There are 6 protein chains.
Amino acid sequence: MALTRFIELTGPDIAALSPDTVAVLPVGSVEQHGPHLPVATDHLIAEAVAEGAARAAAEHCDVTLLPGLVYTKSDEHAWSPGTLWLSASTLLAVLDDIGRSLAAGPVRRLAFVNAHGGNSALLGVALRELRTRHGLRTFLLHASLPADQGGASPSPELGMGVHGGLNETAAMLHLRPDLVDMARAERSVPEHLAEYQHIGFGRPVAFGWTSDDFAAGDGPGSGVVGDPTGATAERGRVLVEAAVGRAAAALRECAYFRPDAPPPRRPQGEPDRP
Amino acid sequence: MALTRFIELTGPDIAALSPDTVAVLPVGSVEQHGPHLPVATDHLIAEAVAEGAARAAAEHCDVTLLPGLVYTKSDEHAWSPGTLWLSASTLLAVLDDIGRSLAAGPVRRLAFVNAHGGNSALLGVALRELRTRHGLRTFLLHASLPADQGGASPSPELGMGVHGGLNETAAMLHLRPDLVDMARAERSVPEHLAEYQHIGFGRPVAFGWTSDDFAAGDGPGSGVVGDPTGATAERGRVLVEAAVGRAAAALRECAYFRPDAPPPRRPQGEPDRP
Amino acid sequence: MALTRFIELTGPDIAALSPDTVAVLPVGSVEQHGPHLPVATDHLIAEAVAEGAARAAAEHCDVTLLPGLVYTKSDEHAWSPGTLWLSASTLLAVLDDIGRSLAAGPVRRLAFVNAHGGNSALLGVALRELRTRHGLRTFLLHASLPADQGGASPSPELGMGVHGGLNETAAMLHLRPDLVDMARAERSVPEHLAEYQHIGFGRPVAFGWTSDDFAAGDGPGSGVVGDPTGATAERGRVLVEAAVGRAAAALRECAYFRPDAPPPRRPQGEPDRP
Amino acid sequence: MALTRFIELTGPDIAALSPDTVAVLPVGSVEQHGPHLPVATDHLIAEAVAEGAARAAAEHCDVTLLPGLVYTKSDEHAWSPGTLWLSASTLLAVLDDIGRSLAAGPVRRLAFVNAHGGNSALLGVALRELRTRHGLRTFLLHASLPADQGGASPSPELGMGVHGGLNETAAMLHLRPDLVDMARAERSVPEHLAEYQHIGFGRPVAFGWTSDDFAAGDGPGSGVVGDPTGATAERGRVLVEAAVGRAAAALRECAYFRPDAPPPRRPQGEPDRP
Amino acid sequence: MALTRFIELTGPDIAALSPDTVAVLPVGSVEQHGPHLPVATDHLIAEAVAEGAARAAAEHCDVTLLPGLVYTKSDEHAWSPGTLWLSASTLLAVLDDIGRSLAAGPVRRLAFVNAHGGNSALLGVALRELRTRHGLRTFLLHASLPADQGGASPSPELGMGVHGGLNETAAMLHLRPDLVDMARAERSVPEHLAEYQHIGFGRPVAFGWTSDDFAAGDGPGSGVVGDPTGATAERGRVLVEAAVGRAAAALRECAYFRPDAPPPRRPQGEPDRP
Amino acid sequence: MALTRFIELTGPDIAALSPDTVAVLPVGSVEQHGPHLPVATDHLIAEAVAEGAARAAAEHCDVTLLPGLVYTKSDEHAWSPGTLWLSASTLLAVLDDIGRSLAAGPVRRLAFVNAHGGNSALLGVALRELRTRHGLRTFLLHASLPADQGGASPSPELGMGVHGGLNETAAMLHLRPDLVDMARAERSVPEHLAEYQHIGFGRPVAFGWTSDDFAAGDGPGSGVVGDPTGATAERGRVLVEAAVGRAAAALRECAYFRPDAPPPRRPQGEPDRP
């Protein structure tokens with residue numbers, strides 16, 4: 001039972017890893033997060049959650065941490081300087097290439113720890129591509145579930161804290177307060193969306209949006225969709241620790257999950273299975 | 001307020017459509033659905049729901065029904081004869097081409113009505129691609145939500161009725177009973193999956209699976225994931241009518257939805273907005 | 001000897017089909033056909049001819065009818081609203097994916113029944129691609145041969161009835177008179193082309209054209225290239241029946257054609273070979 | 001009125017060409033042509049016909065000869081050493097790139113002079129691509145029409161002299177007798193194909209074939225489809241001169257052809273139009 | 001004159017950067033480096049040199065450090081577990097996407113700091129692609145020049161210290177001694193290559209090689225091409241400091257280089273230009 | 001020991017070639033070379049050097065000369081009429097297709113003889129692609145090394161004779177004086193570049209440039225980067241003969257080079273190895 005950092009190993013070390021080792025790939029983004037948060041927000045959250053979860057899970061199973069994907073799919077923020085993004089086809093190719101070459105070695109389990117909602121659909125496609133093309137067991141974990149994908153969003157955000165809002169801001173105040181400028185944090189909740197019944201963030205009908213679609217006037221708006229104003233480091237700490245805990249438990253399961261059989265009575269290295 | 005079938009119109013007719021017309025694209029599949037259902041199952045459900053919803057919605061807004069996509073992304077069933085499928089990149093290209101050429105005319109609203117869970121992630125990607133590349137307002141409706149994507153699955157299926165199970169079989173008994181062979185319908189629920197805590201259909205951690213992954217023995221299994229044995233036409237009728245009703249209400253909203261403003265007080269053609 | 005509709009079969013049904021079953025793929029289009037015909041014109045003709053021919057041929061051989069391709073390559077009509085088209089590379093990818101997945105099952109014979117002249121060259125490319133990549137025996141049948149590809153075009157059209165002209169209009173008056181508006185049918189024959197000696201529709205030298213290239217003035221013209229004014233349902237009936245007859249006889253041959261041997265003395269299920 | 005060789009000109013020379021200059025692109029192949037002909041057969045014929053036709057046409061119009069495409073699409077001969085071929089997508093990309101960069105200069109007319117039947121369908125696709133994408137007027141001339149595309153094939157070949165047969169061998173005896181080994185020329189006509197009624201070379205129903213499909217036994221056969229045994233240099237001279245004459249007349253027309261008007265009364269540089 | 005870390009900035013911060021800011025992109029690799037070095041070797045060197053050079057250069061000009069590319073093109077080591085690599089087309093797409101989205105903001109200067117010889121050719125292609133497509137001024141700096149690309153390789157390596165040899169090992173002993181296992185460092189110099197005259201590392205004739213091509217016996221060899229045995233941390237320190245110094249001076253020049261004019265007399269922020 | 005022209009051989013001839021035959025692929029370009037040189041300059045030099053070298057080398061080993069690639073990657077000259085160029089991805093696909101189909105026959109050695117500096121990086125990528133994908137031993141020879149890639153450039157050019165300068169002009173005066181117009185040859189050396197210390201032609205830091213980047217004024221300049229004014233045919237003769245001699249010796253080595261062993265004591269057909 002061990003945590004390794006994949007890139008700190010030698011080739012022969014990697015050749016000796018167990019097939020049941022879970023390779024963990026943090027997936028972040030480089031994209032505008034409003035005037036108060038750095039473009040690295042998703043990247044930093046993905047790294048922190050993946051790191052914490054990998055460390056905790058490694059008490060029970062073999063985990064190897066891959067270098068995270070920093071540049072991903074952020075076309076909904078393409079209107080803003082600072083957003084550096086790959087097209088859907090490029091990112092699919094990157095994921096396919098990583099899966100292909102990982103599968104050329106012994107490891108057979110790959111878990112994405114994703115912190116950017118704009119990647120979720122594409123990672124859902126990749127889950128199956130890497131399963132069918134390269135024989136990997138693939139898993140998708142969310143470092144922080146955005147409000148439009150089932151995550152919690154507190155009431156002042158009306159369920160629309162999907163980008164740069166309360167939770168992301170709180171997480172950053174916990175992780176990297178030096179990079180947060182609360183003086184520039186402003187509420188930007190498209191309240192009018194709440195008046196629709198079917199379409200909307202987290203509603204049954206998803207829609208194609210960009211983050212400058214919601215501003216009522218001429219400009220693109222602040223780039224925030226949510227209300228960061230009440231964020232605190234303490235809230236961030238709680239959120240991040242909860243996310244780490246959930247991800248750690250999930251990674252542990254990734255190490256023994258198989259679709260054709262129940263979990264082993266006593267998973268490797270544990271006195272009894274929870 | 002009218003329903004048109006896009007392909008029954010002439011070029012000049014289409015040039016005269018309103019930008020707020022909702023173009024409806026049914027999205028099905030051609031894939032094995034076990035020994036008791038035809039490979040057209042998703043296609044027929046998508047068409048039926050889209051047709052019914054379009055007709056109902058057209059009392060309140062302009063709707064134009066596009067020819068459905070029959071061949072889509074079914075790589076999870078590629079192991080079975082009868083599954084005809086497009087790769088992710090091909091299907092994205094098809095959707096992009098349709099969006100591009102639709103946007104060369106006046107219509108600016110496009111709603112997918114999807115009946116195949118294996119398409120959901122990719123359609124999620126396409127929603128944004130068509131929004132950013134071609135300026136279309138795009139929407140994703142589910143003709144029947146599979147159990148692993150938030151749909152209801154009755155208790156005998158343990159929430160795993162994702163393919164050829166109770167609801168799909170019931171819907172087909174309602175729509176095309178001549179194509180259902182209940183004598184060959186058998187329960188095939190991977191009950192062992194219920195013992196996992198994080199990973200699984202509809203669980204927080206999605207995984208990359210193919211429909212022959214769950215059989216305990218050597219063979220690929222029946223191709224069913226669910227329990228079709230209790231399906232009835234009456235249950236199917238109720239399900240399909242509910243799906244049509246939900247989709248009709250959603251399509252109606254698609255006709256006036258805009259991200260930067262609330263719904264109009266009185267949407268076009270209605271005495272009062274619900 | 002039987003006709004099946006591929007998508008009405010189950011996976012196991014399809015696994016039991018004979019390798020010599022001829023899979024028939026109707027290929028239509030969604031493109032402007034002038035002010036008097038619907039954009040579905042080619043689609044409806046392809047489906048009608050394929051359906052009729054498949055039924056007739058199935059008295060002598062196994063035929064399975066695939067869902068037709070509705071969206072195809074119509075870039076010559078891209079200038080007009082209502083034309084929904086795939087790029088050459090997308091359509092090649094679609095055909096390749098269908099061929100690949102069909103060949104994963106038992107069927108080894110695939111016949112395109114094409115009703116859109118703009119697809120002919122690309123289908124010619126696909127014939128060989130699917131032969132060399134997937135081992136399928138592939139065939140290209142024309143539901144209605146346009147005048148520039150060897151089809152008959154009556155004298156008032158000067159051999160230029162390539163789009164929305166006499167024959168297509170007549171076929172539609174027979175198949176779907178409700179979708180034809182003869183009051184808007186106008187002659188639009190680029191008579192000046194007849195003065196060239198080498199280049200032209202059906203001439204030795206093909207040229208790259210779009211359907212708005214031929215109008216003398218500023219606008220794109222009506223989109224018609226031909227003279228629909230004399231079309232009658234009776235002419236359409238004769239044309240369609242002839243096309244069905246030719247296609248049926250050809251499909252029958254597709255079932256036993258092999259490049260390295262003559263036809264069998266008595267093809268399957270027949271008293272004597274014609 | 002002049003003939004130029006494009007690549008012998010300087011950049012400023014090319015910038016000064018007339019838009020009505022016809023750029024001529026010979027299209028050959030590198031592919032097995034049986035044991036008696038070189039793999040360059042199509043290339044040499046394409047170059048000879050294009051050269052002769054360009055010189056003759058240039059008495060009446062401006063012609064510029066481009067370097068020919070030697071490597072093209074020969075997948076039907078991929079089974080044989082010596083066949084060097086581009087995939088369909090690669091060749092389309094090459095043609096698109098040439099069209100794009102030619103169109104960045106003044107010349108607006110591009111004529112393919114093709115000598116390989118396996119390229120015809122793909123060049124048919126390219127005709128329109130280069131028209132719609134780059135605004136070029138494009139034309140497709142056949143240096144020697146194979147029997148399956150409307151060319152003449154003498155009776156001993158039963159209309160099947162499509163590859164390495166009488167006419168190609170004769171043309172090579174005229175152009176490069178040093179490269180022909182008549183001692184190894186053998187008849188290889190798949191006579192059994194004549195017994196089919198619909199499918200076959202030059203028949204209404206095209207089929208996907210490779211040149212090793214026709215041999216009755218185990219091996220691939222000689223690679224010839226036709227009967228070269230009676231070929232003479234004199235026949236070749238007549239054929240090539242006729243092809244040059246036809247192509248010259250066609251190129252002349254390419255210089256003034258426009259789809260929206262008749263030919264000018266007196267085409268440039270001519271006393272009277274033929 | 002300032003150093004920023006791009007991803008620590010907000011969108012509005014980035015919108016306010018000067019066009020002459022030099023964006024620095026470290027380019028590493030994840031690939032086997034023999035039994036004594038981690039697969040991160042190139043990545044760590046690229047980051048260290050880029051970091052040091054950026055900090056030093058930022059005393060004289062604006063520099064912004066981008067997140068490095070970790071997964072790059074390592075197909076020459078694809079035979080070894082632990083090598084995670086992108087295909088040439090994927091990596092070109094990644095670079096193009098980064099260039100495109102960077103160019104959507106104000107920064108117009110992009111410098112690659114590359115530490116993996118296997119990337120050099122492809123980055124050479126990208127230099128021009130990003131210049132012509134996105135209008136960026138692009139530069140390629142080498143963090144450590146491999147022996148086959150003009151770098152120094154001490155005499156025991158016969159000029160063949162191209163991978164995991166003396167210099168890379170020394171650099172790692174300086175940067176991350178905890179990741180180096182000198183007990184497993186073995187000399188692996190393909191001395192026989194020195195007997196060729198034209199072909200070889202750093203010779204006039206480059207050749208296509210993989211790192212398992214050089215072993216005399218059956219196996220792939222150790223994966224090292226060079227002689228790490230004499231490496232010391234002190235040598236590493238000297239090498240890295242020299243590389244940093246060279247790169248810093250070059251980055252400074254990148255900030256004012258323009259192809260159509262000499263350097264300014266006094267580049268921004270300097271008393272006098274060196 | 002023989003020289004063959006690949007395309008003059010028959011399929012069976014090629015099937016009988018030795019695996020150690022060196023296939024030589026000349027790589028030129030079609031691109032502006034200033035007002036005094038033809039766009040074919042690189043093409044003609046590549047062909048002349050490859051031809052001469054192949055003939056000389058064939059006294060000692062088997063060499064087969066392939067038809068040269070004329071259209072290649074010249075995007076740095078895309079601004080000028082007369083430049084016909086393939087994109088990087090198209091040219092990589094062409095090289096891959098040629099490599100794939102060559103490797104389907106017996107020949108296992110492929111040498112590029114390149115005369116266009118703009119191709120060098122991409123050919124460097126292709127060297128490895130064809131090695132890893134198709135198992136070919138690949139080599140890159142330079143017909144004339146441009147000044148920015150290690151070639152000599154005389155002092156009046158300040159090391160910047162990279163395009164249309166002294167050496168290329170001299171070579172053309174030797175090879176095809178009829179295509180050189182010395183009256184239009186003018187010096188165009190961006191002398192200001194010499195004032196930079198790190199960035200520049202042949203400097204440690206490569207940069208992304210186009211040939212119209214260097215002109216001080218508004219226009220694109222002459223397209224020349226160098227000083228052709230002193231060129232003489234005699235200088236050209238010396239240069240070309242030297243290039244032929246170097247390439248011949250290198251090709252000879254290509255015939256017996258193997259990465260895992262020294263050269264044979266007595267290479268085939270030689271009394272003693274130099």
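The structure is a predicted model.

Begin with the sheet. Six strands make it up, and they lie in the order β1(A)-β3(A)-β2(A)-β4(A)-β5(A)-β6(B). The sheet is open, and its pairing is mixed.

The partner of β1(A) is strand β3 of chain A, residues 63-65. These two strands run parallel and are joined by three bridges. To find one pairing in the structure, look for A:T4, whose bridge partner in β3(A) is A:T64. A helix also packs on the sheet: α6 of chain A, residues 233-254. Helix α6 touches β2 (22-27), β3, β4 (109-114) and β5 (137-142) of chain A. The direction of this helix makes about 165° with that of β4(A).

Which way do β5(A) and β6(B) pair, parallel or antiparallel? They pair in the antiparallel sense, over two bridges. As an example, A:F139 has B:F207 as its bridge partner in β6(B).

The contact between these chains can also be described residue by residue. Chain A and chain B give 48 residues each to the contact. On the side of chain B that touches chain A, two or more residues come from each of α3 (88-102), α4 (120-134), β5 (137-142), β6 and α6 (233-254) of chain B. Which of the elements of chain B gives the largest share of this side? That is α4(B), with ten residues. Sorted by class, the residues on this side of chain B are 30 nonpolar, nine polar and nine charged.

Chain B is superposed on chain A by a rotation of 180° with 0.0 Å of shift along the axis, and the RMSD is 0.0 Å. That is the relation of a two-fold axis. In chain B, the C-alpha nearest this axis belongs to B:A121, at 2.3 Å. Of the interface residues of chain B, 100% are also interface residues in chain A, so the copies meet through the same surface.

Chains E and F form the next contact to examine. Here 48 residues come from chain E and 48 from chain F. The elements of chain E that each supply at least two residues to the side touching chain F are α3 (88-102), α4 (120-134), β5 (137-142), β6 (206-207) and α6 (233-254). Helix α4(E) gives the most, ten residues. The side of chain E that touches chain F holds 30 nonpolar, nine polar and nine charged residues.

Strands pair across this contact too. β5(E) is joined by two bridges to strand β6 of chain F, residues 206-207, and the two run antiparallel. One pairing to locate is that of E:L140, whose bridge partner in β6(F) is F:A206.

A rotation of 180° with 0.0 Å of shift along its axis superposes chain E on chain F, with an RMSD of 0.0 Å. Among the residues of chain E, E:A121 comes closest to the rotation axis, its C-alpha lying at 2.3 Å. The same surface serves both copies, as 100% of the contact residues of chain E recur in chain F.

Technical notes. Residues are numbered from 1 along each chain as its sequence is written. Chains are lettered from A and ligands numbered from 1 in the order in which they are written. This is a predicted model: local features need pLDDT of at least 70, side-chain atom pairs count only at pLDDT 80 or more; totals for chains, interfaces and linings use all residues. Two strands pair if DSSP finds at least two bridges between them. Helices (H or I, at least four residues) and strands (E, at least two) are DSSP runs, numbered from the N terminus. Two residues are in contact if their C-beta atoms, placed from the backbone, lie within 7 Å. Axes are lines fitted to C-alpha atoms, for helices over the stretch in contact, and angles run from 0 to 180 degrees between N-to-C directions. Ala, Val, Leu, Ile, Met, Phe, Trp, Tyr, Cys and Pro count as nonpolar, Asp, Glu, Lys and Arg as charged, and the others, Gly among them, as polar. Copies are superposed by least squares on the C-alpha atoms of residues with pLDDT of at least 70 in both.
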